[in-house]
Amino acid sequence: MPYSPANNSVTVRRPFPLSHGTTTLAFIFQGGVIAAADTRASAGGLVACPAVHKITPIHSHLVVTSSGSGADCMLWERILAREIRLYQLRHRRCLSISGTAKLLSFMLHPFKGTELCVALTLCGWDKEAGPKLIYVCSDGARLQGDVFSVGSGSPYAYGVLDGGLRWSLSKEEAVSLAREAVFRATHRDAYSGNSVDLFHITAQGWSQRKREDLREEYYRDMKRREKTVEERRRASEGSG
């Protein structure tokens, strides 16, 4: 049976508000699905951990990006992975991405109105339907789309994605766009940062790129900017 809250459970409130943030994104293109996220876990004004995993594989063709409370997200990812594995054993086939999203939504809905804070984006590939992106949050909401960015850094990530996302992107272009979106978000959002994790999901399953330190990207970007400014200065002096 899916996990549900006990009838006699008592909600224990935190003695003080604890803000948190993140940057996760995912989009569909002609080469499959790209999912990317930063690796900073924040607790108020503190960096609780610089190297968390915000993208979690559920099975060979499905990963989820997580936003919200770290403990809540980790628990529900484990519950979801368990339920999907039990479905596989019982029916000898994998539950579809849409079915997985519906199951997760039904399990989360009883917690609506509590302090549970979970926002998961399911990024996967169905044998029949192809690439799928479905967003599910802790109030039971379920949304399907071609691009999602979730977290405090999402407005900055959307700014990059809106300008560069096209269906016809190559794999290299899609990876570069996702890295750029996470990098720009971490540069402007104090709650996001450190490194970027990136997954590519196709009909053959998911593959993970090596984790990249965003500090190195920041210094490379500074050098590119300085070089551009210097070239423009020389060009203006030459024309004058």
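**Exercise 1.** Which residue of β9 does I134 stand opposite?

*Solution.* The model is predicted: local features need pLDDT of at least 70, side-chain atom pairs count only at pLDDT 80 or more, and totals for chains, interfaces and linings use all residues. Residues are numbered from 1 along each chain as its sequence is written, and side-chain values use heavy atoms, with hydrogens and water left out. Strands are DSSP runs of E of at least two residues, and helices are runs of H or I of at least four, numbered from the N terminus. The residue opposite I134 is Q144 in β9. β8 and β9 run antiparallel and are joined by three bridges; two strands pair if DSSP finds at least two bridges between them.

**Exercise 2.** Determine the strand order of the open sheet and its edges.

*Solution.* The five strands follow the order β5-β6-β7-β8-β9, with antiparallel pairing. β5 (55-59) and β9 (142-144) are the edge strands, each pairing on one side only. From one strand to the next, the twist averages 25 degrees; angles run from 0 to 180 degrees between N-to-C directions, with axes fitted to C-alpha atoms.

**Exercise 3.** Identify the residues that L104 touches beyond four places in sequence.

*Solution.* Contact means heavy atoms within 4.5 Å. On this basis L104 touches W76, L80, L120, L122 and V136.

**Exercise 4.** Classify the exposure of A41.

*Solution.* A41 lies in strand β3 (residues 41-43). Buried means under 20% relative accessible area and exposed over 50%, with partly exposed in between (1.4 Å probe, protein chains only). A41 counts as partly exposed because its relative accessibility is 22%.
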